[in-house]
Each structure stands twice: as structure tokens, then as C-alpha cells.
Amino acid sequence: MSTYLLTPLNVGEIIERFFSVLGRSITRLLGLLLIVAVPAALILGVAMDTFFSMFTDLDVLNDPSAIDEETATIIVRSVAVLVIGILFFLVADVVALLTMQMVVCGEIVDRHIGLRESLELSFDRRLGRAIGQRFLGEFASVLAILGPYMLLPIVITSGGGGAAIGLVLLLIAVALGLFLYLRMRWAFGTTSIAWEDETVLGAFTRSGHLVRDHGWRTFGILAVFAIVISVALSVLVLPIQFMLMKDILMLGMEESVRNVALLQSTPDPLETLASIGLVYGIVAGVANLLTTMLKSVYLPILYFDLRARKNEFDQPEEGAAASL
């Protein structure tokens, strides 16, 4: 019989199960975090360091007219390195979410899935499907909100009246609601790919089916988890980020009360960014992947809760039969 009964849970039981499952699988989750986070964070840090160092090495902001063909090539390469670093990190984030959810889903139905098995299963067809599902989901969500935002400056610069601006603001509010709805509706796409081996489009359908009739409840629980985890990690990360960015913050404060001419000895913000690019990228990358680790625990718990509410389990232990 499964350690955890696959029955509908109330909010208190979901929170209790979150800490229980996290405690039982924390070693494997941290192992996956180490395997994925270290190279991803290092590559992101190097990419950010390369990008910010380019500005100080070339001094392109102080003398844009000095940009020649060679300088332009260096700029393009630096931007390309940054883009590649970000893309690699996004793929690593999908890998982390996919592998960790396999571990957690297995834990919930009493199937032990170790690091090696989770990685082997992920680097099968599941990873390509998960990347495709993430890309399409993010693209559709951003597209839903981008249109109205692009209309606002056009209406303002064209001399549109208050009614036109008000209409655009209303459209932005509606688009924001649609954005949040889509994020909630498709939240379990990666989970269904990890545990049920769904296709890309099947993952959207499966997640939407699970959320149907439980939208507000699901949205509320997801929002609470996201906010609490974000606040908790901010408490840990913000002091580090502040120490890294203190020279830039102090520069901004001094410029607001002094004449710029008196600030010749004040650190150049670009030089500060160049000096902290590597560390800042690593800290930001690790913090994001820590969020992913915690997300990989509460999403499967809600996933099985929603499946139970759809009466997919006749017997509590029947969830172990879900395909892998």
C-alpha cells in the first residue's frame, strides 16, 4: 500500500504532504540540483561576465562613434554568448523540473526513482517534449499580454484621448487575467510529461482537463506556494545581491543629491557590473533552480490531488500504475 493515500486533499494536508515528501526526497533532489545547477549557473555567470565586461573593455557607451567593424563583431559575440548562456540555463531549468518531478511522483506512489533513473528517463523523448511544451506555453502566455502593452505607447504618442487610454488599460487588465489563467491551466504540463509520458499537445490537454472545475482553488494554492517560496528565497538571496550591487546603489543615491561633476571618484556602475557579473549570474542561477526544486515538490502533490478529484484512482494504491 502506498505511503500516501491518493485521495483529495484539503489545503492543510497539501502543505503537510509538501514538507513530508520534501523531507523524504531531499537527498535526491539536492543531488539533481547539484548535477544541473552547478554547470548551468557557471555558464550563466560566465555569459553575464562576458557581456558586462564587453562594455568596460570597449567603452562603447561613452564613445558610440568609435564603434568599427571589429568592435561590432566583439559586441555581437558578447551578446551571442549571453543569449546562449540564458538558453542553456532555461534548458537546464526544464531538465531540473522534469527529473525532480519524476523523483517526487515516484515518492508519492512508493516507487523509488534514483538520480540515474530520473536522468535516463528525462533524456529520452521526455526532455524534448518538456522543452517544446515550455516554449509553446511561455510563447502563448507572453503573446496574450504583449499586444495590449504595445498598444499603450502607440495610443499615448498618437494623442489618443482618455477614453482610448482607458480602453487600452482595460485590455491590459484582461490580458493579465488571461496570462494568469493560461499559466494556471498549463501548470501541470511538465508533470504529465514526466509521469504519464504525454506528448507536447497532450500535456496541454491533460493539464487543462485536471484543472477544469477546480480553477480557482488551484490558482489560489499555486499562488500561495509561489509567493511564500519567493519571499523565503528573497530573504536568503537579497543580502548577497545587495552586497554585490552596493556600489551601483550608492552611486545612484549620491547622484540624486550631488552634482555629477563631484563624483569623479565614484565607482563606474559598468565597472562594478563587470566585476560582479560572474558571481551575480551564479547566485541568480542557483536561486532560480532552488525555486524549481521546491516547485517540483508541490506540483506533483497538486497533480495527484487533482487526479483523485477526477476519480482516477479506484483504490488508493492504484496511482502506482500510472505509466513511466
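Student: How many helices and how many strands are in the chain?
Tutor: This is a predicted model. From the N terminus on, its elements run α-α-α-α-α-α-α-α. The count is therefore eight helices and zero strands.

Student: What share of the residues in the chain is buried?
Tutor: A residue counts as buried when its relative accessible area is under 20%. The chain has 324 residues, and the buried part of them is 42%.

Student: What share of the accessible surface of the chain belongs to carbon and sulfur atoms?
Tutor: The surface in question is the accessible surface of the chain, which comes to about 16900 Å². The part belonging to carbon and sulfur atoms is 68%.

Student: Among contacts between residues at least 6 apart in sequence, what share joins residues at least 24 apart?
Tutor: A contact here means heavy atoms within 4.5 Å. Taking the contacts in the chain between residues at least 6 apart in sequence, the share that joins residues at least 24 apart is 80%.

Student: How many residues of α5 are buried?
Tutor: Helix α5 covers residues 189-196. The buried residues in α5 are Gly189, Thr190, Thr191, Ser192, Ile193, Ala194, Trp195 and Glu196. The helix is mostly covered, and its buried count is eight of eight.

Student: Is Ser192 buried or exposed?
Tutor: Ser192 has its place in helix α5. Leaving out residues up to four places away in sequence, Ser192 touches Asp197, Glu198, Ala203, Arg206 and Tyr303. Because its relative accessibility is 0%, Ser192 counts as buried.

Student: Which residue just after α5 takes a positive phi?
Tutor: The phi in question is about 55°. The residue just after α5 that takes this value is Asp197.

Student: Are α5 and α6 roughly parallel or roughly perpendicular to each other?
Tutor: Helix α6 covers residues 200-211, and α5 packs with it at an angle of about 110°, with the axes 8 Å apart. Angles of 65 to 115 degrees count as roughly perpendicular. The two helices, α5 and α6, are therefore roughly perpendicular.

Student: Is the crossing of α5 and α6 left-handed or right-handed, and how many residues of their contact are charged?
Tutor: The crossing of α5 and α6 is right-handed. On the α5 side the contact has Gly189, Ser192, Ile193 and Glu196, which meet Ala203, Arg206 and Ser207 in α6. The residues of this contact divide into two nonpolar, three polar and, as charged ones, two.

Student: How many residues of the contact of α2 with α5 are nonpolar?
Tutor: α2 and α5 pack at an angle of about 65°, their axes being 9 Å apart, and the crossing is right-handed. From α2 the contact takes Leu97, Leu98, Gln101, Met102, Cys105 and Gly106, and from α5 it takes Thr190, Thr191, Ile193, Ala194 and Trp195. Of these residues, no charged ones and four polar ones are counted, and the nonpolar ones number seven.

Student: How many Å separate the C-alpha atoms of Ile84 and Ala47?
Tutor: Ile84 is found in helix α2, residues 69-108. With a relative accessibility of 56%, Ile84 counts as exposed. Along the chain Ile84 and Ala47 are 37 residues apart, and their C-alpha atoms are separated by 7.8 Å.

Student: How far apart in space are Arg125 and Thr199, C-alpha to C-alpha?
Tutor: Arg125 belongs to helix α3, residues 115-157. Its relative accessible area is 48%, so Arg125 is partly exposed. Arg125 and Thr199 are 74 residues apart in sequence, and C-alpha to C-alpha they are apart by 9.3 Å.

Student: Is Asp213 buried or exposed?
Tutor: Asp213 is found in the loop between α6 and α7. Its phi is near 75°, a positive value in a residue other than glycine. With a relative accessible area of 69%, Asp213 is exposed.

Student: What is the phi of Asn311?
Tutor: Asn311 has its place in the segment after α8. At 63% relative accessibility, Asn311 counts as exposed. Although Asn311 is not a glycine, its phi is positive, at about 60°.

Notes
Residues numbered from 1 in each chain as written. Predicted model: local features only at pLDDT ≥ 70, side-chain atom pairs only at ≥ 80, totals over all residues. Heavy atoms only, no water. Axes fitted to C-alpha atoms, helices over the stretch in contact; angles between N-to-C directions. Helix = DSSP H or I, 4+ residues; strand = E, 2+ residues; numbered from the N terminus. Parallel < 35°, antiparallel > 145°, perpendicular 65-115°, else oblique. Left-handed = near helix turned anticlockwise from the far one by under 90°. Nonpolar A, V, L, I, M, F, W, Y, C, P; charged D, E, K, R; others polar. Buried < 20%, exposed > 50% of the residue type's maximum accessible area, 1.4 Å probe, protein only. Areas by Shrake-Rupley, 256 points an atom, 1.4 Å probe, with all protein chains shown as cover.
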